[in-house]
Amino acid sequence: MPFAHKGSHVVNFFSALARTGNGAYTVRLPAWGRLVQAPSVEACRGGGTGRRAGFKIRFPKGSVGSIPIPGTTTLFIMVMMNFCSGCGEPVSRKTPDDDHRERWVCDSCGKIHYQNPLIVVGCIPERDGKILLCKRAIEPRYGYWTVPAGFMELGESTAQGAARETLEEACAEVEIGHMFAAVDVIDAGQVHLFYTAKLLGDFEAGDESLEVALFAEDEIPWDDIAFHSGRYALRKYFEDKGQNNGVHLHELRRSRS
Ligand code: ZN
C-alpha cells in the first residue's frame with residue numbers, strides 16, 4: 001500500500017535494506033513498522049556511534065513507500081559506514097573483484113570493509129524449577145521480559161559471555177551448563193546462542209533491568225517476552241525438561257512473514 005513521505009527519519013542501526021528490481025532500496029523503519037522506498041544507498045548518511053547508533057535516510061520530497069512482494073527482492077543487511085577506518089577517507093558501495101556482493105570499499109586506499117553477523121549469547125538461569133527473567137530497562141523492547149543475553153565481547157568464550165550478561169543484567173552468578181539453542185536472526189544480522197545455567201546465590205536488577213524475578217513454567221509472561229529468539233529458547237528449554245537433547249536450531253526471518 002503506497003504512502004507519501006517527506007523529509008528524513010532516523011533508522012535503527014540494524015534496519016533491513018532490500019534492493020528492488022529497479023535498483024532502488026526499500027528500508028524498514030522500525031518506528032513505523034513498515035517499509036519505504038529510498039532512491040539509493042547514497043541517500044543514507046551515518047550518525048551516532050556504537051551498537052545503538054542510528055543513521056539518517058533522506059528521502060526526496062514526495063517519496064512513495066512500498067511493501068516489496070516476497071520473492072522479488074534480495075534482502076541483505078548493511079551496517080552504514082561513511083569513512084574508512086584505515087585512512088579516514090570516504091567509502092562507497094562496490095563489488096570488489098572476485099567477490100559476489102557489494103561491500104564498503106575505501107575510495108582512497110581501497111580497503112574492503114567486510115561486515116558479518118554479530119553473536120548474542122544468553123542463558124536460562126534455573127533454580128528449583130524456576131527461571132530468572134529480566135524486565136528490560138533499555139530499548140529495544142523496554143519493559144518487556146527477557147532471558148539474560150547480550151552481545152558477545154572480544155576476548156571471551158560464548159559461555160563466559162552468557163555468564164557475564166547474567167551478572168550485568170541480574171547481578172546473578174550462574175554455573176553455565178550446555179548450549180541447547182541456536183537462532184539465526186537473519187534480518188538483524190545476528191546469531192543468538194543460549195545455554196542452560198544453574199542460578200547461584202542472590203540476584204537483583206542490574207543497570208539494564210527494571211526488575212528481575214523467578215518464574216515457574218506456568219508463570220512465564222509469554223506475551224511480554226521481548227524477543228522471538230528468547231521465547232523460542234524458553235519453549236525448547238521446557239520441552240527438554242532438564243535433559244541434554246542437543247542444540248535446537250531455528251531460523252527467524254521477519255521479512256518473509
Ligand atoms: Zn582507506
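Tutor: Let us begin with the contacts of one residue in this predicted model. Leaving aside neighbours within four places in sequence, Ile 225 is in contact with Tyr 144, Trp 145, Thr 146, Gly 230 and Arg 231.

Student: Where is Ile 225 found?

Tutor: Ile 225 belongs to the loop between β19 (209–215) and α2 (228–240). Its C-alpha atom is separated by 8.9 Å from that of Arg 141, although the two residues are 84 residues apart along the chain.

Student: Is Ile 225 buried or exposed?

Tutor: The criterion for a buried residue is 20 or more other C-beta atoms within 10 Å of its own. Ile 225 has 21 such atoms within 10 Å and is therefore buried.

Student: Turning to strands, in what order do β10, β11 and β12 lie?

Tutor: They form an open sheet of three strands in the order β10-β11-β12, with antiparallel pairing. Because β10 (91–94) and β12 (112–113) each have a single partner strand, they stand at the edges, and one side of each is left without a neighbour in the sheet. Four bridges join β10 to β11 (residues 103–106), and Val 91 stands opposite Cys 106.

Student: Which strands pair with β18, and in which sense?

Tutor: Strand β13 (residues 118–127) runs parallel to β18 (residues 190–200), joined by nine bridges; here Ile 119 stands opposite Val 191. Strand β17 (residues 173–185) pairs with β18 in the antiparallel sense over ten bridges, and Val 174 has Leu 199 as its bridge partner.

Student: How are side chains arranged in a regular strand?

Tutor: In general, they alternate between the two faces of the sheet.

Technical notes:
Residues numbered from 1 in each chain as written. Predicted model: local features only at pLDDT ≥ 70, side-chain atom pairs only at ≥ 80, totals over all residues. Pairing = 2+ DSSP bridges. Helix = DSSP H or I, 4+ residues; strand = E, 2+ residues; numbered from the N terminus. Buried ≥ 20, exposed ≤ 12 C-beta atoms within 10 Å, placed from the backbone. Contact = placed C-beta atoms within 7 Å.
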